[in-house]
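Have the model open beside the sequence. We will go from the overall layout to one helix pair, and then to single residues.

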Amino acid sequence: MESAEKWDLEMELLCLPATGGTCAQMQRLSSRIAAACDDVPAHVRELANLPNSTRRERDLHRWVGRQPWRSLLPDAYNFPIPYTPDGIRETLAEHSAFLPHEMMASLSLIPELFEELLIGPHGTLTSFWQKTAETRWYQQHPLPELHRDPALCVPIGLHGDDAGVFGAQKMLVLTWGSVARELLTLDGRLLFSVVTYAHVVPGKTIETLYKILVWSLNSMAEGCWPSVDHLGQHFSATHHPRRFSKAGLPLCLSGHRGVWSELRGDWKWQVEALDFDQWYGRSFICHLCRAHQKIPRLVYTQFRRNAHIRRTRVSSAAFRDWYMDRLVRPELSRIVGFDIWRCWADAMQCLDLGIYQSVAASCLFDLVAEGVWGATNETGFVLAHVDYKVWCRVNGHLPCPRFDKSKLLP
Ligand SMILES: [Zn+2]
C-alpha cells in the first residue's frame, strides 16, 4: 500500500470520533487497516483486536488511557461555569479546559514534539521576531524578556471558530498554537476548550473561559507555573495540590515562554470576543477606522491607496483607551502585549465573502461605463452577464442570477 493511502487511512481513523463515528466503526476501520497493510503500528492492531463486546466505548477509553501520547495531556483544569440548560434558568456547571501553559510545560518534556509543534528548528524563533522588529507593537511590547531574549519566546496565536458537532448544536472552539510553525490544522491547533452556544449565559459563560485563557497565557508569558488560580485564589495543599507543588517553578527547563502574537478568527467571533462597537451590523462598520455603510465620504467600498478613510485609522493605543471608558473591558484585551492591529480576520472570510463581492461589482460598473459590452446602460449589464455565463459554462461553474444593478450598489 502506498504511504499516501496509509496516511489517508490513519487520518480517517483519527477523524472518525470527531465526525460522529461510533466506537464500532472505529474498530472495524482499524481491523480493515490491520488486515490490508503490513507494518501496522501496534496501537492500531490493538485497537482492531478490542473485544467485540457491547462495552466498546469503555474499552476504547481504556485503550486511549494506555497510549503513550495520553500522558502528554496535562490534567484538565476543572472549574464552575455559568450554564443555562434551557436558555432561561441559570445555574453553575462543572467545565474543563486544557491550560496552554500546562500543555507547553508538558510538551517541553518531549524535545522532538516541542520542536515540531512550538519552537521549530534552531533559529526559527529569532527570525520570527526579527520580522516584527520594525513594528510599534514589538518596540513597545511590555515584556522585557521579549527584547532581551526573543530566541526563547514562542509566538502564540489564538483561534476561535464556530463548529457544528452534533446536529444543529453550534459550538465555540478555542484553540492556540505557535505561529512560528506552519503545520497542518490538526497539528497546529492545540485545544483549549469548547462550549455549546445553546448553554451559554450571555456575558458570563464565554467570559469565564476567556478569563481562564488570559490567566494561562499570561502565565506562559511569565514562563512560570502560577501560584494563584484564574480568580486570584492561592493554590494550596487543598486547592489544586498538584498545581500548588509547582507554583513559581519554570514551565520549561529550557527557559522558553509563550508570548501572545496574534488572534485569528472570523469577523463574527472577533465582534463577540472583543465586544466591538463598530462592526458589520452597525452604520460605522469597522472597529479600526471610520468606514461607514452610507455616508458617501466615508463609505467602506473605497479601496484606493489614497482613500480618505485610510486616514481615519485608529492607533492601538487609541483603541485601548476606547475600552477604558467601558464598564466591562473584554477579557482578551488583558493579554500581555495585546494589540488590536494583531487581531487578523480570516483571509477566506474577508476576501471571498466580503471584499471581492464589492470589488467585482465595482469593476463591473466601471467596465460597463467604459462601454466594454458596447452599451453603457442596463443593456451593458445584460450583455456582461451573457459573457459571464459562457465563461462559467466553459470553466464548470454555476452562474449566479442576472446582474441586478440595484443589488450591486452599496
Ligand atoms: Zn477600517
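Into which domains is the protein divided? Domain 1 covers 3-71, domain 2 covers 77-270 and domain 3 covers 349-408. Keep in mind that this is a predicted model. The C-alpha centres of domain 1 and domain 3 lie 50 Å apart. The C-alpha trace of the whole protein spans about 75 × 55 × 55 Å along its principal axes.

Next, the secondary structure. The protein has 17 helices and seven strands. Of its 410 residues, 23% are buried. Now take the contacts in the protein with a separation of 6 or more. Residues 24 or more positions apart account for 54% of them.

Turn to helix H11, residues 205-222. H11 has 18 residues. From its first C-alpha to its last it reaches 26 Å, close to the 26 Å expected at 1.5 Å a residue. Is H11 mostly covered or mostly open? It is mostly covered, with 15 of its 18 residues buried. Just after H11 comes Gly223, which takes a positive phi of about 80 degrees.

H11 has a packing partner in helix H5, residues 100-107. Two packed helices are described by the angle between their axes and the distance between the axes. For H5 and H11 the angle is about 40 degrees, and the axes are 7 Å apart. H5 is therefore oblique to H11, since an angle under 35 degrees would count as roughly parallel and 65 to 115 as roughly perpendicular. Which residues make the contact? H5 supplies Pro100, His101 and Met104. H11 supplies Ser216, Leu217, Ser219 and Met220. By class, the contact of H5 with H11 has four nonpolar residues, three polar ones and no charged ones.

Why does Phe114 count as buried? It has 20 C-beta neighbours inside 10 Å, and a residue is buried if 20 or more lie within that distance. Not counting residues up to four places away in sequence, Phe114 touches Leu107, Ser108 and Ile119. Compare its position with that of Lys405, 291 residues away along the chain. The C-alpha atoms of Phe114 and Lys405 are separated by 55 Å.

Ser96 is exposed, because it has 12 other C-beta atoms within 10 Å and 12 or fewer counts as exposed. Ser96 touches Ala76, Tyr77 and Asn78, again not counting residues up to four places away in sequence. Trp260 is 164 residues from Ser96 in sequence. In space, the two are 22 Å apart, C-alpha to C-alpha.

Now look at backbone angles in the loops. Most residues other than glycine have a negative phi. His240 has a positive phi of about 50 degrees although it is not a glycine. It lies in the loop between H11 and helix H12 (241-246). His240 is partly exposed, with 19 other C-beta atoms within 10 Å. Asp275 also is not a glycine, and it has a positive phi of about 50 degrees. Its place is in the loop between helix H13 (267-274) and helix H14 (316-324). Asp275 counts as partly exposed, with 19 C-beta neighbours inside 10 Å.

Stay in the loop between H13 and H14 and find Arg313. Arg313 is partly exposed, with 14 other C-beta atoms within 10 Å. What is Arg313 in contact with, leaving aside its neighbours within four places in sequence? The partners are Leu288 and Cys289. Cys286 is 27 residues from Arg313 in sequence and 9.5 Å from it in space, C-alpha to C-alpha.

Finish at Ala375. Its place is in the loop between helix H15 (347-369) and helix H16 (378-394). Is Ala375 buried, exposed or partly exposed? It is partly exposed, with 14 other C-beta atoms within 10 Å. Leaving aside its neighbours within four places in sequence, Ala375 is in contact with Gly380 and Leu383.

Methods. Residues numbered from 1 in each chain as written. Predicted model: local features only at pLDDT ≥ 70, side-chain atom pairs only at ≥ 80, totals over all residues. Helix = DSSP H or I, 4+ residues; strand = E, 2+ residues; numbered from the N terminus. Contact = placed C-beta atoms within 7 Å. Axes fitted to C-alpha atoms, helices over the stretch in contact; angles between N-to-C directions. Parallel < 35°, antiparallel > 145°, perpendicular 65-115°, else oblique. Nonpolar A, V, L, I, M, F, W, Y, C, P; charged D, E, K, R; others polar. Domains from an automatic or database assignment. Expected span 1.5 Å × (residues − 1).
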